[in-house]
Amino acid sequence: MPPRAKKFIGVFVLLIGVMAYAFAVLTVGQIRMADAGPLAQLAFFAFFGLIWIVPAALLIRWMERAGPPR
């Protein structure tokens, strides 16, 4: 696949994925952490706010990989 097509697909997957992930974490956090203290909420949202970096980095690595030689 040409690098340009990979980047085009990757940008949309990243945008949709981050939005879906944020919605899911906020929904679960609101339900599960409603009665938790502020430190527990901070830990929950800090952890899940940073963990999305792992799949994003893998996607970006895939986008940047060289395509087949022409």
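How are the helices α1 and α3 oriented to each other, roughly parallel or roughly antiparallel?

## Orientation of α1 and α3

The axes of α1 and α3 cross at roughly 165° and come within 9 Å, and therefore the two helices are roughly antiparallel to each other. Angles under 35 degrees count as roughly parallel, those over 145 as roughly antiparallel, those from 65 to 115 as roughly perpendicular, and the rest as oblique. The axes are lines fitted to C-alpha atoms, for helices over the stretch in contact, and the angles run from 0 to 180 degrees between N-to-C directions. Helices are DSSP runs (H or I, at least four residues), numbered from the N terminus.

This is a predicted model, in which local features need pLDDT of at least 70 and side-chain atom pairs count only at pLDDT 80 or more, while totals for chains, interfaces and linings use all residues. Residues are numbered from 1 along each chain as its sequence is written, and side-chain values use heavy atoms, with hydrogens and water left out.

## The contact of α1 with α3

On the α1 side, the contact (heavy atoms within 4.5 Å) is made by K6, K7, G10, V11, V13 and L14, and on the α3 side by A56, L59, W62, M63 and E64. By class, these residues are 7 nonpolar, 1 polar and 3 charged, where Ala, Val, Leu, Ile, Met, Phe, Trp, Tyr, Cys and Pro count as nonpolar, Asp, Glu, Lys and Arg as charged, and the others, Gly among them, as polar.

The structure holds 1 salt bridge, a term for a side-chain nitrogen of Lys or Arg within 4 Å of a carboxyl oxygen of Asp or Glu. The side chains of K7 and E64 meet in it, at 3.9 Å from N to O. The pair links distant parts of the chain, since K7 lies in helix α1 and E64 in helix α3 (residues 53-64), 57 residues apart.

K7 has 37% relative accessibility and therefore counts as partly exposed, the class between buried (under 20% relative accessible area) and exposed (over 50%), with a 1.4 Å probe and protein chains only.

## The contact of α1 with α2

Helix α1 (residues 3-32) and helix α2 (residues 38-51) have axes that come within 11 Å and cross at roughly 165°, and they are therefore roughly antiparallel to each other. Here Y21, V25, L26, V28 and G29 in α1 meet F44, F45, F48 and I51 in α2. The residues of this contact divide into 8 nonpolar, 1 polar and no charged.
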